[in-house]
Structures are given as structure tokens and as C-alpha cells.
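Welcome! Here is a short tour for anyone meeting this structure for the first time. Take a look at it below, and then we will walk through a few of its features together.

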Amino acid sequence: MKLSDLASTIRSKNAGVNQITFDIIFPDAASYQRVLASQAITKDSVAKLFRIPVSRISDFVTFDLANAIKFTLYRLRPSGSPGDWDILGCQQYGPLLEVDIPD
Amino acid sequence: MGFVGLRDPHVVRNADAAIEWCRSAVAKRFGAEQYELYFHVFGRDAVLKELEPVQETKAHELGIVVEGVAATDALAEKITDFAVRMFFLARIPGVKGTAGTAATTKKTMKSSPGYMWNVNHTVPIDDPMELFPVHVTEAGV
């Protein structure tokens with residue numbers, strides 16, 4: 001099963017000018033816990049997915065109360081700099097949809 | 001900004017070689033000038049850039065936005081125009097077509113002025129209310 005089959009919201013957005021934050025929100029505790037238990041979404045796995053060193057991930061947190069996972073990356077250059085094509089960071093979540101969640 | 005399109009499968013596979021050809025042609029012509037040149041390869045990794053996990057595109061055509069930045073509008077336009085033209089003229093080993101390596105539009109488009117955020121917008125303060133002064137005025141009494 002893919003992450004997009006289990007989560008109700010998967011998004012990315014600017015967190016200030018130097019970071020992009022990602023939210024993965026699940027409709028219930030069961031699907032949230034299933035993804036946590038699978039270890040498919042961890043600090044290391046998202047670093048690997050986005051092909052960046054773990055040091056570029058400033059935060060990685062899980063919120064049991066909200067059935068949500070949140071992590072934040074440092075941009076290489078501030079939002080809106082010449083060469084930046086996603087100045088709001090709103091399309092960076094794409095690769096997360098395809099992450100395989102083993103049974 | 002200029003826009004070019006690639007359709008020859010050999011050029012699509014070797015888009016980076018075409019970009020390098022173009023970059024070095026611009027460097028030869030505008031070597032002494034201060035400029036920045038970016039190539040956004042739509043159909044491959046324009047949106048995610050270095051974060052893109054998909055390393056091999058399945059697209060049969062690519063759209064490349066050429067973004068040039070320089071000290072003045074006029075110079076940026078000149079460099080971007082030249083870069084687009086060089087894309088058209090790029091020579092890549094093995095290309096069968098000889099009349100142009102990239103489909104292009106007629107003219108580059110002007111974008112907004114380029115900038116880079118360089119001010120620390122976090123201000124160290126002693127009193128949390130320091131930046132939110134409250135003024136009380138009696139009116140209509």
C-alpha cells in the first residue's frame with residue numbers, strides 16, 4: 001500500500017524563507033500507527049527519499065494526538081532567490097505519495 | 001526568461017550536455033559580465049531540483065525555462081536571449097537533426113527583479129512587548 005492510500009493530507013509549504021515543512025496527516029490512529037510501525041517514514045528514510053544528508057532535516061516530529069507526522073527541511077537558498085522554481089514550497093511533497101508502506 | 005522545447009529523443013536523453021554546451025557558449029561571449037543563468041528542466045526535475053528522487057524521465061519531450069539574472073534588465077535580456085539562441089545551435093554528438101537542437105519561442109519574457117532574502121528577520125529583544133507599543137487615547141469624552 002502507498003502512503004497516499006493511508007494519509008488524508010500530505011502537503012509541503014514554506015516555513016519562513018529558509019525552510020520547507022511537510023505534514024502527513026492520517027484520518028485515524030490505526031493508519032497513523034501502522035505507518036509509524038512500518039518505519040517507512042523516518043528522519044533517515046525521508047532524507048534518503050529526497051536524496052539529501054540528514055543534516056538538512058531540521059525537525060522530524062510525530063504527533064499522536066493529531067495522528068500526524070511533520071518534518072522540515074532547510075532550503076539550499078532562500079525562497080524567491082533567482083533559480084527557485086517553487087517559491088512557496090507547495091509541490092515538494094510529490095515523492096511522499098508514492099512511498100510504499102509494507103503490510 | 002526564455003523557453004525552449006526538446007523533442008529529439010537523443011537530445012532529451014542528453015539534455016544536460018545541451019545545457020552545458022549552452023552555458024559554455026554564454027561564458028565565452030559574456031565571460032567578464034556578472035550574471036547568473038538557470039535552466040529549469042520541466043518534465044524532469046524543474047520543480048524539485050536536487051530533491052527529485054525520479055532520476056530518469058519517461059517524458060518524450062522536455063520544456064526548459066532559461067532564467068538569466070544580471071545587473072540590468074537590458075543585460076539580463078541580452079544574456080537570456082543569447083542563451084536561448086545557443087540552445088537552438090547546441091551541438092551534441094550523435095544528433096541527426098542539423099537545423100536546430102531546440103524549438104524556441106520568438107522572444108524572452110521579462111520577469112520581476114531578482115532578489116535574495118538576506119536580512120535576519122528574527123529580532124533579538126529584551127521585552128516581549130517592545131515591538132508592540134500600546135497607545136491609549138481618550139476620545140469623545
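Let us begin with a pair of helices: α2(B) and α3(B) are oblique to each other. This is a predicted model. In it, the axes of these two helices of chain B cross at roughly 135° and come within 9 Å. The crossing of α2(B) past α3(B) is right-handed.

| Helix | Residue range | Residues in the contact |
|---|---|---|
| α2(B) | residues 15–30 | Ala18(B), Cys22(B), Ala25(B), Val26(B), Arg29(B), Phe30(B) |
| α3(B) | residues 73–89 | Ile79(B), Phe82(B), Ala83(B), Met86(B), Phe87(B) |

By type, the residues where α2(B) meets α3(B) are ten nonpolar, no polar and one charged.

Next, the place where the chains meet. Chain A gives 19 residues to the contact and chain B gives 15 residues. On the side of chain B that touches chain A, the elements that supply two or more residues are β2 (35–42) and β3 (62–70). The largest share of that side, three residues, belongs to β2(B). That side of chain B divides into ten nonpolar, two polar and three charged residues.

Finally, a visit to chain A. Met1(A) sits in the segment before α1 (3–6) of that chain. Leaving aside residues up to four places away in sequence, Met1(A) touches Leu6(A) and Ile101(A). Ile87(A) is 86 residues from Met1(A) in sequence, and their C-alpha atoms are 31 Å apart in space.

Definitions and conventions. Residues are numbered from 1 along each chain as its sequence is written. Chains are lettered from A and ligands numbered from 1 in the order in which they are written. This is a predicted model: local features need pLDDT of at least 70, side-chain atom pairs count only at pLDDT 80 or more; totals for chains, interfaces and linings use all residues. Two residues are in contact if their C-beta atoms, placed from the backbone, lie within 7 Å. Helices (H or I, at least four residues) and strands (E, at least two) are DSSP runs, numbered from the N terminus. Ala, Val, Leu, Ile, Met, Phe, Trp, Tyr, Cys and Pro count as nonpolar, Asp, Glu, Lys and Arg as charged, and the others, Gly among them, as polar. Axes are lines fitted to C-alpha atoms, for helices over the stretch in contact, and angles run from 0 to 180 degrees between N-to-C directions. Angles under 35 degrees count as roughly parallel, over 145 as roughly antiparallel, 65 to 115 as roughly perpendicular and the rest as oblique. A crossing is left-handed if the near helix is turned anticlockwise from the far one by less than a right angle, and right-handed if clockwise.
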